[in-house]
Amino acid sequence: MKINKEHIQNTNKSILEDHNDNFDFLANKLTKNGHKVEEIISKLSEFQVAIPSWALGAGGTRFGRFSFYGEPSTLEQKLEDVGVLHALTQTAGAVSLHIPWDVPSDYAAIKQQADSLHIKFDSVNSNTFQDQKSASESYKYGSLSNTNKDVREQAIQHNLEVIKIGDKLGSKSLTVWLADGSCFPGQNNFQTAFQNTQNSLKDIYKGLPEDWKMLIEYKPYEPNFYSTVIQDWGASLMLANGCGEKAFTLVDLGHHLPNSNIEQIVSILQLKGKLGGFHFNDSKYGDDDLTVGSIKPYALFLIFNELVYGMQNNPQNPDLAWMIDASHNVKDPLEDLIQSLEAIQEAFAKALLIDQEELKAAQLDNDVVKCQEILQGAYRTDVRPLIERARLNSGGVISPINAYRSLDVRNQLIKERGRNTVATGL
Ligand SMILES: [Mn+2]
């Protein structure tokens with residue numbers, strides 16, 4: 001299914017007047033308060049988030065998986081789905097591939113398809129948390145940290161292969177997330193595991209093309225439940241520093257223990273020029289992979305406040321790799337991704353409304369009440385008309401969920417692909 005201009009115009013027609021009224025009201029108010037509305041809108045239009053290739057099918061849990069039918073079963077179909085998301089929202093202009101689930105058979109054709117849908121290839125993800133059928137060594141007891149050199153070498157070679165595949169597609173970064181760790185005290189020597197990981201990462205780092213980055217993701221637990229080798233931002237930062245200036249820390253919102261102050265982590269990493277990427281999702285208890293903004297929208301806004309501050313004040317950081325890293329068991333995956341994109345844009349738009357100068361002055365005066373008023377004033381603004389206008393200006397729809405439903409996208413996909421297709425890797 002391909003969304004065309006006519007689809008977009010037709011779905012916008014009936015709500016355009018309402019949108020214009022809402023936009024004019026908000027834009028007038030914001031302009032009176034000194035905001036540059038056009039600037040905010042162009043920042044929103046520029047902001048693009050990568051869709052991971054594994055989020056396009058129903059995810060599932062350890063206990064079961066319920067299909068949504070019409071799921072993409074090939075890389076081409078996954079790109080089609082990202083194309084639908086991008087055509088509607090104009091915010092999903094990138095895809096993040098997972099190797100070996102998404103190895104292209106025809107690179108030129110895949111690149112051409114992505115170009116025609118205005119989709120770029122963002123960070124490529126390696127996978128050393130599962131054994132592949134053709135592999136001679138097992139990752140059961142770890143990959144880059146494994147005590148066995150042959151296993152480490154296999155994992156290093158896999159990462160180097162992923163870089164080669166990404167390079168052919170125009171990707172500029174490798175994301176490494178390890179499941180390595182231990183389930184029981186005494187199982188691992190912490191120092192050996194960390195040192196092995198550092199050495200393995202250094203070997204991978206040597207294979208990075210000049211203009212590439214390595215993004216090192218951390219996670220406190222799961223699938224190992226006693227320890228993980230890269231358990232927090234500190235471990236990730238040490239490993240990144242150990243590799244060199246092209247290695248950075250990647251923050252995944254769900255990879256923190258409950259109530260961690262993620263906005264502070266983000267802020268300090270930016271100060272040090274070491275924040276490289278960001279994975280969006282939300283959680284109530286652990287790495288729940290729920291729709292970003294569905295549980296803790298205020299925390300998301302506070303994180304964006306720091307990100308906006310960092311983007312303005314910390315040029316030592318690279319352009320961040322933004323990606324949604326969520327999984328859907330009870331929602332249509334594409335609708336879930338639309339909601340995620342909307343929540344991200346909302347938090348970003350609200351953060352752009354914070355008067356950084358005014359906040360700085362209130363902080364210098366130790367006017368704690370005013371600091372809170374400034375943040376919450378921005379947070380309580382209904383910015384949706386700004387996001388709608390940004391989408392409209394870029395050729396997207398005013399209301400992506402309504403458009404998705406009125407165009408009956410899922411049923412079209414089922415007609416094209418059949419009911420019982422399953423996305424690779426799921
Ligand atoms: Mn992640």
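Modeller: I40, K43 and L44 in helix 3 meet Q345, F348, A349 and L352 in helix 11; contact here requires C-beta atoms, placed from the backbone, to lie within 7 Å. By class, this helix 3 and helix 11 contact has five nonpolar, one polar and one charged residues, where Ala, Val, Leu, Ile, Met, Phe, Trp, Tyr, Cys and Pro count as nonpolar, Asp, Glu, Lys and Arg as charged, and the others, Gly among them, as polar. Please keep in mind that this is a predicted model: local features need pLDDT of at least 70, side-chain atom pairs count only at pLDDT 80 or more, and totals for chains, interfaces and linings use all residues. Residues are numbered from 1 along each chain as its sequence is written.

Now for the wider setting. The chain has 16 helices and 11 strands, which are DSSP runs (H or I, at least four residues, for helices; E, at least two, for strands) numbered from the N terminus. Of its contacts with a separation of 6 or more, 80% join residues 24 or more positions apart. The C-alpha atoms fill a box of roughly 65 × 60 × 40 Å along the principal axes.

Key: Two residues are in contact if their C-beta atoms, placed from the backbone, lie within 7 Å.
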